[in-house]
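I record each item in the order in which I consulted it.

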Amino acid sequence: MLPVVERFIRYAKIHTESDRETGLVPSTPGQLQFAYLLCEEMQKIGMQDVAVDDYGYVMGFVPANADRECPSIGFIAHMDTSPDMTGKHVKPQIIENYRGNDVLLNKEKGFTLSPDDFPELVNYVGTDLIVTDGNTLLGADDKAGIAEILTAMEYLVQHPEIKHGRIAVCFTPDEEIGEGVDHFDLKKFGAKFAYTLDGGEIGELECENFNAALARLTFKGRNFHPGYAKNKMVNSIKVANEFMASLPKKDAPEYTSGYEGFFHIYSIKGTVEETLLEILIRDFDKERFEWRKDVIENGVREYSKKYDLPVLLEMKDQYANMKERLEPVRYIVEIAKQAMAELGIKPLIVPIRGGTNGSRLSFMGLPTPNLSNGAHNGHGRYEYIPVSSMEKIVSVIVKISELCAKI
């Protein structure tokens, strides 16, 4: 197998699913085990000052070999997989020379990866695909990014004729639960700018993302024996459902795309006495984002008054649109575009309909756009990645490192 493929398949089999509920850092032990494996591998390929810190972050460096002063740059990916679907017992399958047909992932359960459902599959006819067995996600988000970065670093170490500045590499825990850079050591990383590699088809280059907030609403109810509850019972589940129905019906993930924002009701748990509702709020436009938060706050006041029972609200911003921090240093996006163009890859400038470590890092002072890692359909059983995309992205990382030595 190609080094990048061998790495990725080996990494994919390690259980690193993150968990919002543990309160630990990293949130799950598998991530720490993976961190030490990566640390050992980085040392073997010749990277320097490699270490795992107390929070499970893996950091290492490739020293500069350019004959002129040039900026230190960085590449970042995350070790955890999404808790949206199990990442335990991942069994990647390689589909050789894909012919544009349906791919049967799991005969017993009938799960099929089909171009009827995922039309972009036809773009990869003639290449090899790495897919799931239908029982788990694949973990290409973001273990493909890790495999690509390390394969590129190994290539640079083995080819000193390619001149580059100091390159910092960091692999973070818990990105999927929004805690990926909570303990990121910017001073040690020491880069002027960086790139995350995280999801998206080959060529995607992302320098703006959602503004994001999380709202947790607790609806209080009043319980009575159902046989004698007339004019007495207030069922908190039904109040929560009424609140959900009051939100703009088309402002939901399943109806939106591009730059459209949404309310995403992703969890409801309750009894007659108390119901917890969790809502993700997302929008690219800052004013529209604030309007969405107002909708939630106004609804809380309305339903508290209507039923004369408390509706408790906990709402916090999660991350902001990195566009405002990247515009002043647009040249780092242009470098990535140039690298792709020189390798015959058409750059696709698209917004991230989600979050990224790069957003928070940009606001922390490290400008960090996102490069695709080649993966499709993340967080589910239909996740796949073309081998050809992984190979090309390794080349993009090498080319960016080379171009940055000429700044």
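**Entries on salt bridges and the sheet**

I began with K399, which is buried, with a relative accessible area of 19%. The cut-off for buried is under 20%, so K399 falls within that class. I noted at this point that the model is a predicted one.

Next I asked which residue forms a salt bridge with K399. The partner is E402, and the closest N and O atoms of the pair are 3.4 Å apart. Both residues belong to helix α10 (residues 387-404), where they stand 3 residues apart and are therefore separated by about one helical turn. I found E402 to be partly exposed, its relative accessible area being 25%.

I turned to D251 and asked where its partner R288 lies. A salt bridge links D251 with R288, with 3.8 Å between the closest N and O atoms. R288 lies in helix α6 (residues 286-307), whereas D251 lies in the loop between α5 (236-246) and β12 (262-270), so the pair ties together parts that are 37 residues apart in sequence.

E334 is partly exposed, with a relative accessible area of 35%. R330 is likewise partly exposed, with a value of 28%.

I moved on to the strands and asked how many form the open sheet. There are 8 strands, in the order β1-β2-β8-β3-β9-β16-β10-β15, and their pairing is mixed. β1 (48-52) and β15 (348-349) stand at the edges with a single partner strand each, so one side of each has no neighbour in the sheet.

Within this sheet I examined β2 (residues 58-62) and β8 (residues 167-172), which run antiparallel and are joined by 5 bridges. I noted that G60 has V169 in β8 as its bridge partner.

My last entry concerns helix α3 (residues 140-158), which lies across β2, β3 (73-78), β8 and β9 (193-197). Helix α3 runs at about 145 degrees to β3.

Definitions and conventions. Residues are numbered from 1 along each chain as its sequence is written. This is a predicted model: local features need pLDDT of at least 70, side-chain atom pairs count only at pLDDT 80 or more; totals for chains, interfaces and linings use all residues. Side-chain values use heavy atoms; hydrogens and water are left out. A salt bridge is a side-chain nitrogen of Lys or Arg within 4 Å of a carboxyl oxygen of Asp or Glu. Helices (H or I, at least four residues) and strands (E, at least two) are DSSP runs, numbered from the N terminus. Buried means under 20% relative accessible area, exposed over 50%, partly exposed in between (1.4 Å probe, protein chains only). Two strands pair if DSSP finds at least two bridges between them. Contact means heavy atoms within 4.5 Å. Axes are lines fitted to C-alpha atoms, for helices over the stretch in contact, and angles run from 0 to 180 degrees between N-to-C directions.
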